[in-house]
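Dear colleague,

Here is the structure for your files. My notes follow below it.

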Amino acid sequence: MMALSLLAIALFLCATRYRIWIYAAASGMMFSMSLWSLMQFLMGILPAEWHGLSAFLAILCVYCVIYVMVSAYQKWQHYKHKRALM
């Protein structure tokens with residue numbers, strides 16, 4: 001319990017000093033919550049024996065959404081850079 005409390009205090013101090021820790025924790029929480037809810041949704045649709053497939057499909061869907069978002073952001077940055085050079 002002592003080690004866990006020291007770890008929690010150290011993480012809290014890192015989170016208050018550097019904002020990137022807060023962003024990383026928030027994005028990790030969003031990723032895990034979306035993955036969990038999508039897995040639960042797919043487990044309700046697919047037969048009970050196919051839990052492995054529902055987990056695979058959930059991970060695949062979440063990664064596809066992340067890929068589309070990153071790709072759109074990169075295209076927007078390229079367009080913005082191109083417009084700045086004109």
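**What was found**

Trp50 counts as partly exposed, because its relative accessibility is 45%. The classes are buried under 20% relative accessible area, exposed over 50%, and partly exposed in between, with a 1.4 Å probe and protein chains only. Trp50 sits in the loop between α2 and α3.

Some ground rules. This is a predicted model: local features need pLDDT of at least 70, side-chain atom pairs count only at pLDDT 80 or more, and totals for chains, interfaces and linings use all residues. Residues are numbered from 1 along each chain as its sequence is written, and side-chain values use heavy atoms, with hydrogens and water left out.

**Fold and surface**

The protein has 3 helices and 0 strands. Its elements run α-α-α from the N terminus on. Helices (H or I, at least four residues) and strands (E, at least two) are DSSP runs, numbered from the N terminus.

Of the 86 residues in the protein, 10% are buried. The accessible surface comes to about 7700 Å². Carbon and sulfur atoms hold 77% of that surface. Areas come from the Shrake-Rupley method with a 1.4 Å probe; for residues, only the protein chains shown count as cover.

Trp50 also belongs to a nonpolar surface patch, together with Leu53, Phe56 and Leu60. The patch covers about 410 Å². Patch residues have over 30% relative accessible area and no salt bridge; like charges are joined within 9 Å, nonpolar side chains (Val, Leu, Ile, Met, Phe, Trp, Tyr) within 5 Å. A salt bridge is a side-chain nitrogen of Lys or Arg within 4 Å of a carboxyl oxygen of Asp or Glu.

**Core**

The largest nonpolar core has 6 residues: Leu35, Met39, Leu42, Ala55, Ala58 and Val62. Helices α2 (19-45) and α3 (51-85) each supply at least two residues of this core. Such a core is a set of buried Ala, Val, Leu, Ile, Met, Phe, Trp, Tyr and Cys residues joined through side-chain atoms within 4.5 Å.

Leu42 is in contact (heavy atoms within 4.5 Å) with Ser54, Leu57 and Ala58, leaving aside neighbours within four places in sequence.

**Aromatic pairs**

There are 2 aromatic pairs. Phe31 and Tyr63 are stacked, because their ring centres lie 6.0 Å apart and their planes meet at 20°. Phe31 is in helix α2 and Tyr63 in helix α3, so this pair ties together parts 32 residues apart in sequence. Tyr73 and Trp76 are tilted, because their centres are 5.9 Å apart and their planes at 45°. Both Tyr73 and Trp76 lie in helix α3, 3 residues apart, about one turn of the helix. Rings of Phe, Tyr and Trp (its six-membered ring) pair if their centres lie within 6.5 Å; planes under 30 degrees apart count as stacked, over 60 as edge-to-face and the rest as tilted.

Best regards
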